[in-house]
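The following paragraphs lead through one protein chain, from its overall layout to individual residues. Please look at the sequence and the model before reading on.

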Amino acid sequence: MSDSDQQQTVESLSSGIYDNLITSIIQNIVAKETAKQRLLNARYPDIKAYVRDDLGNLDINGNPKSQESSKYFTCKNCGREISANRFAAHLERCLSRGGRR
Ligand SMILES: [Zn+2]
């Protein structure tokens, strides 16, 4: 056996081990994900996939997005109705005043 023959053997052997490793890792991932998907399908048989809208006009349920300013939340601290797009700022001010007003 010459040097080049042995080189070939070591290369093909390591390549075989590598292929084997990669294949079993992939099979493991596929088996886990398949089992997970089967469990989800069994648990939620009529689940709807989320809507993906690249234009950003629909939410994940397929409903048109509404303006944030049209939604109002009640501040639990002072009881006032606050527009959704100003709620975070209000809450910060409201809580830092110690709920005086
Ligand atoms: Zn408040």
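A residue is called buried if 20 or more other C-beta atoms lie within 10 Å of its own, exposed if 12 or fewer do, and partly exposed in between, with C-beta atoms placed from the backbone. By this definition, buried residues make up 0% of the 101 residues in the protein chain. The model is a predicted one, in which local features need pLDDT of at least 70 and side-chain atom pairs count only at pLDDT 80 or more, while totals for chains, interfaces and linings use all residues. Residues are numbered from 1 along each chain as its sequence is written.

Two residues are in contact if their C-beta atoms, placed from the backbone, lie within 7 Å. Of the contacts in the protein chain with a separation of 6 or more, 0% join residues 24 or more positions apart.

Two annotated spans come from the UniProt record, where positions are given in the numbering used here, feature names are shortened, and annotations may be inferred rather than shown by experiment. An unreviewed entry places "domain: Yeast SAGA-associated factor 11 N-terminal" at residues 8-46. This span is 92% helix and 0% strand, and its end C-alpha atoms lie 55 Å apart. The feature "zinc finger region: SGF11-type", also from an unreviewed entry in UniProt, is placed at residues 73-94. For residues 73-94, the end C-alpha atoms are 14 Å apart, with 36% of the span in helix and 23% in strand.

Attention now turns to single residues. H90 belongs to helix α2, which covers residues 87-96. Why does H90 count as partly exposed? The reason is that H90 has 16 C-beta neighbours inside 10 Å. Apart from neighbours within four places in sequence, H90 is in contact with C75 and I82. The C-alpha atoms of H90 and R80 are separated by 10.0 Å, the two residues being 10 apart along the chain.

S83 is located in strand β2. It is partly exposed because 14 other C-beta atoms lie within 10 Å. S83 and K71, 12 residues apart in sequence, are 6.0 Å apart in space from C-alpha to C-alpha. A84 lies in the loop between β2 (81-83) and α2. With 14 other C-beta atoms within 10 Å, A84 is partly exposed. A84 is 12 residues from Y72 in sequence, and their C-alpha atoms are 5.3 Å apart in space.

Key
Helix = DSSP H or I, 4+ residues; strand = E, 2+ residues; numbered from the N terminus.
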